[in-house]
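Please examine the sequence and the structure shown here before reading on.

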Amino acid sequence: MLDITIDKDQPAAEFYADLTSSAAALVDGEPDAIANMANVAALIWQYVPGLNWAGFYRVIDSELVLGPFQGKTACIRIAIGAGVCGAAAATGDVQRVADVHAFPGHIACDADSRSELVVPVMKDGKVIAVLDLDSPLPDRFTPADEAGMTALVGAITNNLG
Ligand code: SME
C-alpha cells in the first residue's frame, strides 16, 4: 500500500500536481481498470473538499454504466447524451456546470448536488469512461479544478481501460 499525504491547503496548481502524481503512483503497473478507478475515486474523495459524489461511469455497449465511486448510491445506466455525464460522453468535452438545475436533462441521482464536473476519459479518440464529480455547493468547480482533473485523468488513462 502506498503512503499518500497531500497538503489540501496548498495552491491549486501544486495541489493538483500532487494529486496527479499520487493517482499515477496508485495505478502504476496495475492493468485492472476497475481496481484503478476504485482507488482513484477514493483518493479524490479523501483529498478534494466539497464533494458529495466522486467516481466513474464506463462506456459499455454504447451507454454509460456505473463504475467505482464514493458517495451515495447512484443511477446505474445513463444514455450517451443524457444529463451532464452523457453530454461529456457524447462530445468528448469536459462539462463544468455551475448550476446543475439549469443544465438541460440533468439527472438528479442525489438531490443535494448543485454543481458538477465531468471529465471524459479518451482512448484512441473514443470516450471509454467519464470521471464525475458532484458537489452540494453551487459553482464549486473552478477552471483550476477543470485543468487539474483533466491532467489527472490524462496521466492515468492508459490504466483505465
Ligand atoms: N448528475 C449526473 C448523473 C450522475 S450522478 O450525479 C452520480 C448527470 O446528470 O450526468
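The text below turns to the aromatic rings and then to the nonpolar cores.

The model is predicted. It holds three aromatic pairs. A pair of aromatic rings is described by the distance of the centres and the angle of the planes. For Trp53 and Tyr57, the ring centres are 5.8 Å apart and the planes meet at 25°, so this pair is stacked. A stacked pair is also formed by Trp53 with Phe69, where the centres lie 5.0 Å apart and the angle between the planes is 15°. This second pair links distant parts of the chain: Trp53 belongs to strand 1 (residues 53-60) and Phe69 to strand 2 (residues 63-71), 16 residues apart. Together, Trp53, Tyr57 and Phe69 make up one aromatic cluster.

Phe69, at 26%, is partly exposed.

In soluble globular proteins, nonpolar side chains tend to be buried together. The largest nonpolar core here has 28 residues, of which Leu19, Val40, Ile44, Leu131, Leu133 and Met149 touch the most other members. Among the elements that give two or more residues to this core are helix 2 (33-47), strand 6 (126-135) and helix 4 (143-156). Helix 1 gives the most, with six residues. Leaving aside residues up to four places away in sequence, Leu19 touches Ile6, Leu43, Tyr47, Val48, Met149 and Leu152. Another core, of 16 residues, lies apart from the largest one and includes Tyr57, Ala74, Val100 and Val130.

Note on methods: Residues are numbered from 1 along each chain as its sequence is written. This is a predicted model: local features need pLDDT of at least 70, side-chain atom pairs count only at pLDDT 80 or more; totals for chains, interfaces and linings use all residues. Side-chain values use heavy atoms; hydrogens and water are left out. Rings of Phe, Tyr and Trp (its six-membered ring) pair if their centres lie within 6.5 Å; planes under 30 degrees apart count as stacked, over 60 as edge-to-face and the rest as tilted. Helices (H or I, at least four residues) and strands (E, at least two) are DSSP runs, numbered from the N terminus. Buried means under 20% relative accessible area, exposed over 50%, partly exposed in between (1.4 Å probe, protein chains only). A nonpolar core is a set of buried Ala, Val, Leu, Ile, Met, Phe, Trp, Tyr and Cys residues joined through side-chain atoms within 4.5 Å. Contact means heavy atoms within 4.5 Å.
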